[in-house]
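Please keep the sequence and the structure in view while reading.

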Amino acid sequence: CTLHRAENTEDPKRINGIFSALAEISDTIDVVLPLHPRTRKILAAFGHRLDYPRVHMVDPVGYLHMIWLLQNCTFVMTDSGGLQKEAYFFQKPCVTLRNETEWVELVEAGWNMLAGAEAQQILDAVQSMKNRKIGQGELYGAGNSADIILRELLHL
């Protein structure tokens, strides 16, 4: 899970809904939450608990560690635009903690579900997505763009 957008972190109602859902989700599955220092500071200012037993709030992670987390997770929850797309590339279902997304094709194809920030909507989306088996997709090509470009450049 990642959580950093101001629309979620600076609105007490939204952050309460998200953390209420995370607390319940963590009853059955560990949640890894690389937490931006600004988000951690806001949580502390709002008086949020930071000690959920199975919500592992860790410092922000680098790119390679994030890739490892993506490869080894069951599903993704995020308010990040980029992570929604990376979840697709790693064939992981994604629950987006926003009311809209720039990647509407991922929602239309069933890879992503918009959940907003209300606890029950998040819980419903997670239940729907966490065990979803999504087949190979080619929304962004078949992964052979470099070959096609090279053939065009070499006129093969």
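Is arginine 14 buried or exposed? In this predicted model, arginine 14 is buried, because its relative accessible area is 16% and the cut-off for buried is under 20%. Arginine 14 forms a salt bridge with glutamate 7, and the closest N and O atoms of the two are 4.0 Å apart. Glutamate 7 has a relative accessibility of 38% and therefore counts as partly exposed.

The structure holds five salt bridges. Side chains of opposite charge can pair when their charged atoms come close. Another of the salt bridges is formed by the side chains of glutamate 10 and arginine 38, at 3.4 Å from N to O. This pair links distant parts of the chain, 28 residues apart: glutamate 10 sits in the loop between α1 (6-9) and α2 (12-25), while arginine 38 belongs to helix α3 (residues 37-45). Glutamate 10 is partly exposed, with a relative accessible area of 49%. Arginine 38 is also partly exposed, with a value of 30%.

A further salt bridge is found between arginine 98 and glutamate 102, where the closest N and O atoms are 3.0 Å apart. Arginine 98 is buried, with a relative accessible area of 6%, whereas glutamate 102 is partly exposed at 42%. Arg98 and Glu102 are linked with Arg5 in a network of salt bridges.

The next element is a sheet. What is the order of the strands in the open sheet? The three strands follow the order β3-β4-β5, and their pairing is parallel. The edges are taken by β3 (76-78) and β5 (112-114); each has a single partner strand, so one side of each is left without a neighbour in the sheet. On average, neighbouring strands of this sheet are turned by 20° against each other, direction ignored. Strands of a sheet pair through backbone hydrogen bonds, either parallel or antiparallel. Between strand β4 (residues 94-96) and β5, the parallel pairing runs over three bridges. Valine 95 stands opposite methionine 113 in β5.

The aromatic rings come next. Across the whole structure, three aromatic pairs are found. One of them is the stacked pair of phenylalanine 19 and tyrosine 52, with 6.1 Å from centre to centre and 25° between the planes. Phenylalanine 19 lies in helix α2 and tyrosine 52 in the loop between α3 and β2 (55-58), so that the pair links distant parts of the chain, 33 residues apart. Phenylalanine 19 and tyrosine 52 are both buried.

Tyrosine 88 and tryptophan 111 form an edge-to-face pair, with 4.8 Å from centre to centre and 75° between the planes. Tyrosine 88 is in helix α5 (residues 81-89) and tryptophan 111 is in the loop between α6 (104-108) and β5, so this pair ties together parts that are 23 residues apart in sequence. Both tyrosine 88 and tryptophan 111 are buried. Together with Phe89, Tyr88 and Trp111 form one aromatic cluster.

The last stop is the surface. Which residues form a nonpolar patch there? The patch consists of Ile149, Leu150, Leu153 and Leu154, which together have about 420 Å² of accessible area. Leucine 153 is found in helix α8 (residues 145-154). Leucine 153 counts as exposed because its relative accessible area is 62%, and the cut-off for exposed is over 50%.

Technical notes. Residues numbered from 1 in each chain as written. Predicted model: local features only at pLDDT ≥ 70, side-chain atom pairs only at ≥ 80, totals over all residues. Heavy atoms only, no water. Patch = residues over 30% accessible without salt bridge, like charges linked within 9 Å, V, L, I, M, F, W, Y side chains within 5 Å. Areas by Shrake-Rupley, 256 points an atom, 1.4 Å probe, with all protein chains shown as cover. Helix = DSSP H or I, 4+ residues; strand = E, 2+ residues; numbered from the N terminus. Buried < 20%, exposed > 50% of the residue type's maximum accessible area, 1.4 Å probe, protein only. Pairing = 2+ DSSP bridges. Axes fitted to C-alpha atoms, helices over the stretch in contact; angles between N-to-C directions. Phe/Tyr/Trp six-rings, centres within 6.5 Å; stacked < 30°, edge-to-face > 60°.
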